[in-house]
Amino acid sequence: MNIDNNLILPEPTLRRLPWYLAYVEILKSAGTEYVSSTQISRALSVDASQIAKDLSFLNIKGKTRIGYEVETLIEALSDFLGFTRSHKAYVFGAGSLGKALIRDSGLSNYGLEIVAGFDVNPDTIARKDLGVPIYHIDQIYDVMETNPASIAILTVPAQSAQECADTAISAGVKAIWNFSPYRVKVAEGVVMANTSIYAHLALIFNRLEANKHRN
């Protein structure tokens with residue numbers, strides 16, 4: 001199967017592909033060999049025609065009345081999403097969230113290898129129990145020389161986020177994964193993704209409150 005890994009998909013499609021991958025991996029573990037877009041649709045509440053369209057971007061076609069071969073679908077999705085290739089990353093801010101990400105061995109199953117952390121707290125920098133070395137942020141240029149990474153994961157307070165992003169980019173990092181509540185700005189050509197835990201928390205609180213008044 002010929003898949004163009006340089007293809008830039010619409011963002012909504014790209015966000016749905018990991019859902020499909022997670023579902024077909026569950027099917028594989030249950031011994032299922034084929035799955036239809038209708039089955040995926042029922043499981044994930046995504047229109048079947050949309051699923052077929054999403055997968056067509058990857059040149060994935062199902063067989064008439066049979067569907068998609070689960071094993072082939074897993075391989076194609078994993079490869080296209082980059083989960084089969086290793087991508088090195090640094091964590092900026094080794095607080096509670098930063099430590100949790102560093103210790104999350106599951107990330108490596110999807111190709112993300114956290115190789116170092118950066119902080120300014122002397123007690124945090126001195127820790128040896130996180131599985132990767134923690135450096136002072138001023139050491140990033142030296143670390144980039146010996147153990148370079150292409151991704152910076154920001155788990156720092158809002159007031160430090162932009163400065164950390166600027167430092168990481170100036171050191172040669174090519175992508176920012178921002179968990180801070182501040183929406184940082186990056187130069188053209190730098191990949192940027194915001195994962196706002198607080199925005200989603202606010203959404204949950206707001207919907208809970210609305211439902212309470214509605215009921």
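At 70% relative accessibility, Ser45 counts as exposed in this predicted model. Ser45 lies in the loop that connects H2 and H3. The phi angle of Ser45 is near 55°, a positive value in a residue other than glycine. In general, most residues other than glycine have a negative phi.

A further loop position was examined beyond H3. Lys61 is located in the loop between helix H3 (48-56) and strand S2 (68-69). The relative accessible area of Lys61 is 69%, and because the cut-off for an exposed residue is over 50%, Lys61 is classed as exposed. Although Lys61 and Leu73 are 12 residues apart along the chain, their C-alpha atoms are separated by 9.4 Å.

The chain as a whole may now be described. Its secondary structure consists of nine helices and eight strands. The C-alpha trace spans about 60 × 50 × 35 Å along its principal axes. Of the 215 residues in the chain, 37% are buried. The accessible surface comes to about 12800 Å², and carbon and sulfur atoms account for 53% of this surface. Among contacts between residues at least 6 apart in sequence, 62% join residues at least 24 apart.

Six of the strands form an open sheet with parallel pairing, in the order S5-S4-S3-S6-S7-S8. S5 and strand S8 (191-194) stand at the edges of the sheet; each has a single partner strand, so one side of each is left without a neighbour in the sheet. On average, neighbouring strands of this sheet are turned by 25° against each other, with direction ignored. Helix H8 (residues 158-171) packs on the sheet, where it touches S3, strand S6 (151-154) and strand S7 (175-178). The direction of H8 makes about 170° with that of S6.

Within this sheet, strand S4 (residues 112-119) is mostly covered, as seven of its eight residues are buried. In the strand order, S4 stands between S5 and S3. Strands of a sheet pair through backbone hydrogen bonds, either parallel or antiparallel. Strand S3 (residues 87-92) runs parallel to S4 and is joined to S4 by six bridges. Along this pair, His87 stands opposite Leu112 in S4, and Phe92 stands opposite Phe118 in S4. Towards its other partner, strand S5 (residues 134-136), S4 pairs in the parallel sense over three bridges. In this pair, Gly117 stands opposite Ile134 in S5.

Together with helix H5 (residues 96-103), S3 and S4 make a right-handed β-α-β unit. Strand S4 is thus described by its parallel pairing with S3, its parallel pairing with S5, and the burial of seven of its eight residues.

Key. Residues numbered from 1 in each chain as written. Predicted model: local features only at pLDDT ≥ 70, side-chain atom pairs only at ≥ 80, totals over all residues. Heavy atoms only, no water. Buried < 20%, exposed > 50% of the residue type's maximum accessible area, 1.4 Å probe, protein only. Helix = DSSP H or I, 4+ residues; strand = E, 2+ residues; numbered from the N terminus. Pairing = 2+ DSSP bridges. Right-handed = clockwise from strand over helix to strand, strands pointing away. Axes fitted to C-alpha atoms, helices over the stretch in contact; angles between N-to-C directions. Contact = heavy atoms within 4.5 Å. Areas by Shrake-Rupley, 256 points an atom, 1.4 Å probe, with all protein chains shown as cover.
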